[in-house]
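Work through the exercises below with the sequence and the model at hand. Each task is followed by a solution in steps.

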Amino acid sequence: MACKLLCFLLWLMAQLYLSLSGEMNSLESVPDLEKLMYVAVDGYPCVRLLNLSGEIGCSNPGRDKVVAPIVRFKNADKLAQPSTVLVSLNEVQSLFTRILNDSTYAKNIGGVLVESKADQNELNDFSPVEKFPQAEFAPYRNVHYEWNPIGNGIMLNAYNFPVFLLSQNSTSILREAAVKNEEAEKSYTTDVAEFNLVMQTTKAGTHDSKSCLKEGTCLPLGGYSVWSSLPPINISSTQSKPIILLVASMDSASFFRDKSLGADSPISGLIALVAAVDALSRVDGLGDLNKQVMEVGSVGKGSSEGVNTFYAHATMASSATNQTMAALQRAQDSLNSEDVKILPANSSNPGIPPSSLMAFLKKNTTTAGIVFDDFNTVFANKFYHSHLDDLSNVNSSSIEAASTIIARTLYILASKDTNISNSTLAAINTNVSLVEELLGCLLSCEPGLSCDLVKNYIRPTTTSCPSNYVGVFLGEPSSAPYPGTVNDVSRFLWNFLAEKTAISKGDVISSCKQNCSQKDQLCVREKADGKGVCVTSTTRYVPAYSTRLKYESGIWDVLPADSSDPMGMLDPVWTESFWDVIGLRVYTVQDTGYDHLVLAGGIAVTVSAYVAIVVARAFITKALKRD
């Protein structure tokens with residue numbers, strides 16, 4: 001009997017060896033084995049941001065990776081153990097509302113995976129910020145007005161668990177894993193997600209901007225803005241001229257750091273501004289242009305049933321705002337079309353909508369200004385500060401119409417001639433091809449920043465899909481920064497605006513930076529070999545970061561609040577945590593009960609083998625003695 005048992009065990013080991021050898025023959029290296037065991041998942045993380053009051057965003061709860069079985073939110077009314085919750089876009093608000101209101105449910109959230117959108121029509125609206133963005137900077141008392149009525153505010157909370165937005169391919173992988181777990185509820189294996197979203201601020205226990213900057217576990221949010229003068233400023237002249245300041249935002253935000261396109265809010269306004277500058281650069285006599293602030297907001301959704309409608313949100317009535325409104329109307333009339341309308345915003349509005357013009361008014365309440373937008377009383381953008389505010393959320397014809405209106409309005413305001421002919425205005429038109437190119441460069445993966453337009457001016461440092469997230473401020477602030485510390489979009493805009501606003505251009509020369517002879521000349525389109533073009537232009541980088549911060553000896557310090565500076569008193573001082581590696585992967589694990597069973601079985605087999613060997617030895621010894 002013992003002999004038969006031993007033979008059976010030998011046969012079993014031989015079969016196991018053959019099985020394993022077949023698998024091992026297909027593996028040539030450790031990475032091959034790892035690929036067989038683990039599935040790397042593409043996703044966009046929600047990361048940890050901090051301010052002077054605390055923190056928002058997402059992070060692993062401690063220093064270690066999080067591993068948790070995958071369940072679907074719609075089938076997980078109760079969680080008995082820490083779990084990875086897979087949630088559709090339609091269910092995101094419901095999930096986070098429950099997390100905030102149900103502590104029992106929240107403590108068993110190991111991580112959250114948000115499915116990629118399959119169709120824009122699946123979701124009517126999603127905005128993870130507040131109903132009145134930037135309410136603290138409002139120059140009026142009604143801070144409870146709802147410019148963004150669909151805002152749910154989930155982006156402004158701190159979550160001590162990882163959250164990722166999945167790519168479309170990864171969504172399919174995770175759905176299969178969740179269904180597999182549901183169908184094999186009593187099986188000995190489970191598919192789990194492993195999250196590596198460990199933030200340095202969590203590891204160091206620095207939970208606000210002041211402490212994390214002091215300990216070196218974060219960096220300030222910020223980057224480089226660009227300003228340019230059309231025509232260039234004569235630095236040798238002693239006479240000053242009034243100015244018209246045309247402003248547009250160039251960065252966006254969303255719940256997921258690297259998925260912040262901001263197509264309508266604010267990139268549509270940026271594209272309209274850039275195209276307007278291009279249109280004005282082709283007009284003769286700009287040197288004769290002879291005042292206030294005009295901000296271009298969201299203009300990508302002004303089109304409806306073939307008609308582009310825009311709204312002018314004005315500061316308090318003054319001669320300057322009246323003049324601007326008249327110029328806008330004159331620009332509209334010059335189009336000789338019923339397809340473009342410019343209307344004053346509703347007088348029942350509490351004031352101007354969220355914009356950088358608010359900062360001007362906080363500093364000087366008499367500042368005259370207009371915010372030019374595609375909405376009247378509430379945001380037209382249903383995906384404000386959401387990853388869904390992408391190229392499909394804007395209309396190029398709306399941006400083109402807005403750009404032409406802006407260019408003609410600026411010409412009217414700046415011109416000494418009070419009787420500008422229709423033929424003069426009709427010659428100022430937006431380059432439609434430029435708008436289309438800019439949309440592709442700034443808002444799509446193909447071609448993205450590798451587009452020909454951008455590569456005509458700079459060598460982009462990234463070939464991945466564009467993101468208009470502000471990022472962190474690198475190095476020491478400077479008006480002439482090292483190019484490696486400036487992101488691709490800012491470098492492209494600097495070069496483009498410098499060339500378009502220039503009054504004289506040279507030939508392509510080598511060692512461009514060293515050979516631009518005049519003080520007011522800049523080197524643009526500089527290539528890897530140092531060749532570029534010298535132009536006479538007033539275009540500058542402006543370091544953009546919190547006014548409460550000071551950079552000294554390689555360290556950022558938070559300055560004390562100054563009661564004489566109302567904007568500084570309100571400045572939250574945003575920072576972003578450092579991290580080592582961010583990763584997400586899926587693999588299969590065995591149930592611990594099954595592991596115990598295998599261990600017991602292994603012990604039983606070992607004991608049986610030992611007994612079989614002892615019995616066999618005794619039997620053989622006895623047989624030999626007999627002989």
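**Exercise 1: a threonine in a strand**

Thr84 has a relative accessibility of 0% and so counts as buried, the cut-off being under 20%. The model is a predicted one.

Task: State which strand holds Thr84, and find which backbone oxygen its side chain reaches.

Solution. Step one: Thr84 belongs to strand S6, residues 83-87. Step two: its side chain reaches the backbone oxygen of Ala68, at 3.0 Å. Step three: with neighbours within four places in sequence left aside, the contacts of Thr84 are Ala68, Pro69, Ile70, Val71, Gly111, Leu113, Ala193 and Phe195.

**Exercise 2: a serine in a loop**

Solution. Step one: Ser386 sits in the loop between strand S18 (369-373) and helix H11 (396-414). Step three: the side chain of Ser386 reaches the backbone nitrogen of Leu388 at 3.0 Å.

**Exercise 3: a hairpin**

Task: Determine how many bridges join strand S23 to strand S24, and which residue takes a positive phi in their hairpin.

Solution. Step one: S23 (residues 549-552) and S24 (residues 555-558) run antiparallel and are joined by four bridges. Step two: Glu552 has Ile555 of S24 as its bridge partner. Step three: two residues lie between the strands, and Ser553 takes a positive phi near 55°.

Notes
Residues numbered from 1 in each chain as written. Predicted model: local features only at pLDDT ≥ 70, side-chain atom pairs only at ≥ 80, totals over all residues. Heavy atoms only, no water. Polar contact = N/O pair within 3.5 Å; in protein donor to acceptor, adjacent residues only side chain to side chain. Pairing = 2+ DSSP bridges. Buried < 20%, exposed > 50% of the residue type's maximum accessible area, 1.4 Å probe, protein only. Contact = heavy atoms within 4.5 Å.
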